[in-house]
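Let's take a look at some helices and charged pairs. Have the structure open as you read.

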Amino acid sequence: AASYFATEDNKEEGNIFIFNITLQIIQKMNSSSAARRVVNLTNPTVYGLTHQRAYGVNLKELRQRIESVSTITKLTNTMQMVASSRIKAAQRKADQTKSFGMGAEKVLGPIIEGGKKSEGDDPVVLLAVTSDKGMCGSVNGQIVKNARALVRSEPGKYNLMSLGGKGTPLASVFPAQFSMSLKDFGKRDLTFLEVGLAVDRMIKSTENYAEVDVLYNKFKNAVTYVITKEVIPGPKTMMANIDKLSAFEFEEAEETTLRDLFEFEIASNIWIAYHQNKCSELAARMTSMDNATKNANQISAALALDYNRGRQAAITTELIEITSGASALADSE
């Protein structure tokens with residue numbers, strides 16, 4: 001075979017034979033990517049198209065993905081900076097609202113700690129305090145998860161309500177027990193007047209509460225928040241424990257005064273819970289967006305490395321082709 005292909009007339013046929021043997025070896029090595037790049041060397045047009053298909057398209061896709069990841073990185077970095085700039089003001093507001101409900105808590109403390117429960121089957125309202133915005137880790141998910149666990153532990157006991165758009169999944173899980181959802185409080189700070197209107201809607205939707213349980217994230221620091229449940233006894237429970245309020249004098253009828261105190265305690269607890277939850281939301285968003293930015297930077301660096309390797313491979317292949325072509329022309333001359 002060597003002497004046959006050595007003659008000038010059979011040299012081209014010999015090149016084709018060697019090429020076919022090489023192609024079979026590559027295929028046996030299960031190198032599918034390499035096999036796709038090996039084409040008929042006797043047809044330069046086909047080779048050029050296949051070469052472009054092997055390298056050009058992949059590099060274009062990588063370039064587009066790098067641009068997409070870069071845009072996401074800018075977005076997450078911006079959200080992280082916005083959250084870190086707002087958390088101090090939110091923390092000051094949360095500290096100020098803590099003292100707002102201390103008076104009512106002092107009055108109702110003995111009833112909450114060791115008071116008698118009212119008779120009857122009055123419902124217990126469970127208010128899940130969430131946010132309207134996402135991208136803040138598990139802040140809202142943990143509230144929804146704990147609310148589901150409470151409702152499932154005692155079926156038929158709770159009447160569900162939510163503050164914030166991220167609490168609405170509870171409506172699909174417990175449609176018969178879900179009665180009200182308050183949304184769109186994330187655009188600006190919630191005022192106490194708006195809280196009072198929300199409490200008025202709550203009272204009109206369900207009367208004769210046994211108690212109201214407010215479930216929210218209590219802010220500790222920038223990396224820690226604790227899920228907390230505040231219990232507010234209903235008017236009937238207060239009347240059943242009127243003896244524990246003997247240290248206080250009532251100017252109006254006791255039942256009327258306790259009813260007003262109950263409504264004020266709900267409003268103050270919701271207002272406190274809202275600001276505590278907002279601090280927790282901003283802290284969680286700051287942490288999660290920082291992690292997202294770091295992950296995006298790592299992905300971008302890995303894609304850039306693949307892109308540069310692809311460019312180098314394409315350039316090297318083109319240089320080899322030019323050199324091989326020049327050498328073949330020289331030999332033919």
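## A pair inside helix 10

Start with Glu 281 and Arg 285: both sit in helix 10, four residues apart, which is about one turn of the helix. Keep in mind that this is a predicted model. These two residues form a salt bridge, with their closest N and O atoms 2.8 Å apart. Are they buried or exposed? Glu 281 is buried, and Arg 285 is buried too.

## Other salt bridges

Side chains of opposite charge can pair when their charged atoms come close. Across the whole structure, a search turns up six salt bridges.

One of them joins the side chains of Lys 98 and Asp 95, at 3.9 Å from N to O. Both residues belong to helix 4 (residues 44–98), three residues apart, or about one turn of the helix. Lys 98 has 39% relative accessibility, so it counts as partly exposed. Asp 95 is partly exposed as well, at 43%.

Glu 154 and Lys 157 make another salt bridge, at 3.3 Å from N to O. Glu 154 is partly exposed at 36% relative accessibility, and Lys 157 is partly exposed at 29%.

## Where helix 8 meets helix 10

Back to helix 10 (residues 254–332): it packs with helix 8 (residues 192–205) at an angle of about 125°, and their axes are 9 Å apart. That angle makes helix 8 oblique to helix 10. The crossing of these two helices is right-handed.

Which residues of helix 8 take part in the contact? They are Phe 192, Val 195, Val 199, Met 202 and Ile 203. Their partners in helix 10 include Phe 264, Ile 270 and Trp 271. Sorted by class, the contact has ten nonpolar, one polar and two charged residues.

Terms used:
Residues are numbered from 1 along each chain as its sequence is written. This is a predicted model: local features need pLDDT of at least 70, side-chain atom pairs count only at pLDDT 80 or more; totals for chains, interfaces and linings use all residues. Side-chain values use heavy atoms; hydrogens and water are left out. Axes are lines fitted to C-alpha atoms, for helices over the stretch in contact, and angles run from 0 to 180 degrees between N-to-C directions. Angles under 35 degrees count as roughly parallel, over 145 as roughly antiparallel, 65 to 115 as roughly perpendicular and the rest as oblique. A crossing is left-handed if the near helix is turned anticlockwise from the far one by less than a right angle, and right-handed if clockwise. Contact means heavy atoms within 4.5 Å. Ala, Val, Leu, Ile, Met, Phe, Trp, Tyr, Cys and Pro count as nonpolar, Asp, Glu, Lys and Arg as charged, and the others, Gly among them, as polar. A salt bridge is a side-chain nitrogen of Lys or Arg within 4 Å of a carboxyl oxygen of Asp or Glu. Buried means under 20% relative accessible area, exposed over 50%, partly exposed in between (1.4 Å probe, protein chains only).
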